[in-house]
Amino acid sequence: MAVSKKKSSDQPDIKRAPYKRSPGEEYMGKNQMNYFRQVLQDWKQQLIEEVSRTVHHMQDEAMNFPDPNDRASQEEEFTLELRARDRERKLITKINQCLKHLDHGEYGYCETCGAEIGIKRLEARPTATLCIDCKTLDEIREKQQY
């Protein structure tokens, strides 16, 4: 399993072969649940490691620059890193919720209508909680509010 560098943490950057569904295989059966559990756990571990790297980077790089511009640049860099880690912290919470859904047999089903979310959608966004139809309607409603 190769790991590639990505700019966004919205999707796992662990390269994995797409799930191959067997003919007649039950949706969210044992094999699919195990596959997505591993995807979610690997992604969570990757995010936790990134948090650790950030802490060490900030400790190693923290300097008191005499030049105000250098100091401001470093503070801006740290602010951006902390903002990214905050997003990742929220993502870890979503991953933990998905792992709980897996434990209860609720993972892979739309929270709104109960339909199957679909393997391809879950591969693209393992933390998806809405089927594509409900997500589309949700986005339309959101656009109408603004």
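Me: Why does Arg53 count as partly exposed?
Reply: Arg53 has 45% relative accessibility, and since buried means under 20% relative accessible area and exposed over 50%, with partly exposed in between (1.4 Å probe, protein chains only), Arg53 counts as partly exposed. This is a predicted model, in which local features need pLDDT of at least 70 and side-chain atom pairs count only at pLDDT 80 or more, while totals for chains, interfaces and linings use all residues. Residues are numbered from 1 along each chain as its sequence is written, and side-chain values use heavy atoms, with hydrogens and water left out.

Me: Why does Glu50 count as buried?
Reply: Glu50 counts as buried because its relative accessibility is 17%, which falls under the 20% limit.

Me: What makes the pair of Arg53 and Glu50 a salt bridge?
Reply: A salt bridge requires a side-chain nitrogen of Lys or Arg within 4 Å of a carboxyl oxygen of Asp or Glu, and the N to O distance for Arg53 and Glu50 is 2.6 Å, so their side chains meet that condition. Both residues lie in helix α1, three residues apart, about one turn of the helix; helices here are DSSP runs (H or I, at least four residues), numbered from the N terminus.

Me: What is the distance between the closest N and O atoms of Arg85 and Glu50?
Reply: These atoms are 3.9 Å apart, and the pair forms a salt bridge. Because Arg85 lies in helix α2 and Glu50 in helix α1, this pair ties together parts that are 35 residues apart in sequence.

Me: How do you know that Arg85 and Glu88 are buried?
Reply: Arg85 counts as buried at 15% relative accessibility, and Glu88 is buried with a relative accessible area of 6%. The side chains of Arg85 and Glu88 also meet in a salt bridge (2.6 Å, N to O), and both residues lie in helix α2, three residues apart, about one turn of the helix. Salt bridges that share partners join Glu50, Arg53, Arg85 and Glu88 into one network.

Key. Helix = DSSP H or I, 4+ residues; strand = E, 2+ residues; numbered from the N terminus.
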